[in-house]
Amino acid sequence: MPVLLGTIDKHSITQPHELTSAFFPSKVGGKPAWLDFNNIPEASELTCLKCNIPLVFLCQLYAPIDEPGFSNFCFHRTLFVFFCNECRDERTFTVFRTQLRRVNEYYQEEPADIEVADTITPALWGIQLCKVCGCKSTVEYENIYCSLHHKNIDINKELKDKFIVVLPEYIINEGCDEDSENASLNSEDDESDYSDDSDDAAHIPKGSLQDMDGIDEALLEMAYAGDKDDEYFEKFKKSISSVPEQIIRYNRLGSPLWICTKSIPEAKDIPSCQYCGKQRSFEFQIMPQMLYYLKLPESSTKESFNFGILAVYTCPDSCDDGQKYKKEFLWEQSPL
């Protein structure tokens, strides 16, 4: 099975309906486009246990499983990734998996009409979302906010400037990487020049992971002092050479593409599914190139959000019983 790649074409125009739940988007940033409305995780499940600040939504992948034995209950299936932008030491990541049958209470079997897409929301089922982050609100904060932190941010401009709550939003374009040669993706312009945005480029340090033109230099720096003899790093560079801007590699039941030899997990490091007991398997990875699009501000007082590889492991059976938003596991191959 070929590896599926995800890229962003930030020059393309995304129609608002493409980002709604009814169109099952794969996307980076913005607010989550929840799949199962009645069972959205509680605010407490999306709060960092170390700093008690709400997690930030990073991305979601629409990943139905069209295989014998799966298609009945995985007709719709989405994975959501959140992270803590405040904790720098052993940063918190949370991954949720949720899935629906073809016949369900939210979506028709046929594609939704554009005119009604933005009306298919949790509010139709009596679920109120936080006006700041789009996660589930709480009665404690008038069903308007998920937390005191986000309530304060909403009414205090200084806090809005201090904390990252919602990231820039982009649709993820999908395509195949045949035989690891990284074929062209589903994009109108595969030769997009990401360096022609002079206003953005003026604020991007050369050689950083946000400098797409200097991606080789940045990866060398990130891969633990740039060990050019590292066979994993050489494989990494070769594998992404045709599509260096790839931000997602999807290879369910396959293997991750690690950036270097360090911090690669062993089988015992990946916990079994807490719901059915099966050993989790790799499903997809988030590439460091995503940092280019997030445009997070550099900080002189604390370490910026940075990573090598974020590898997501999920239940191989995509177990369906019990909790509807099931937690999965993310392994961070750190850049330090």
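How many salt bridges does a search of the whole structure find? The count comes to 15, and the model they sit in is a predicted one.

## The sheet

Let's start with the strands. There are 11 of them in an open sheet, paired antiparallel and ordered E6-E2-E3-E4-E5-E11-E10-E9-E8-E1-E7. At the edges sit E6 (170–171) and E7 (173–177), each with pairing on one side only.

Zoom in on E3 (residues 56–62) and E4 (residues 76–83): six bridges hold this antiparallel pair. Tyr62, for one, has Thr78 in E4 as its bridge partner.

## Salt bridges

Arg252 forms a salt bridge with Glu67, with 3.4 Å between the closest N and O atoms. Arg252 is in the loop between E8 and E9 (281–286), while Glu67 is in the loop between E3 and E4, so the pair ties together parts 185 residues apart in sequence. Arg252 is buried at 9% relative accessible area, whereas Glu67 is partly exposed at 31%.

Helix H3 (residues 157–162) has a local example: Lys157 and Asp161 lie four residues apart, about one turn of the helix. Their closest N and O atoms are 3.1 Å apart in a salt bridge. Lys157 is exposed at 59% relative accessibility, and Asp161 is exposed too, at 60%. Elsewhere, Arg97, Arg280 and Glu328 are linked in a salt-bridge network.

## A buried glutamine

Gln246 belongs to the loop between helix H6 (231–240) and strand E8 (248–250). With a relative accessible area of 0%, Gln246 is buried.

What does its side chain meet there? A polar atom of the Gln246 side chain lies 2.9 Å from the backbone oxygen of Val243, and the side chain also makes a polar contact with that of Arg249, at 2.8 Å.

Conventions:
Residues are numbered from 1 along each chain as its sequence is written. This is a predicted model: local features need pLDDT of at least 70, side-chain atom pairs count only at pLDDT 80 or more; totals for chains, interfaces and linings use all residues. Side-chain values use heavy atoms; hydrogens and water are left out. Two strands pair if DSSP finds at least two bridges between them. Helices (H or I, at least four residues) and strands (E, at least two) are DSSP runs, numbered from the N terminus. Buried means under 20% relative accessible area, exposed over 50%, partly exposed in between (1.4 Å probe, protein chains only). A polar contact is a pair of N or O atoms within 3.5 Å; within protein, one must be able to donate a hydrogen and the other to accept it, and residues adjacent in sequence count only if both atoms are side-chain atoms. A salt bridge is a side-chain nitrogen of Lys or Arg within 4 Å of a carboxyl oxygen of Asp or Glu.
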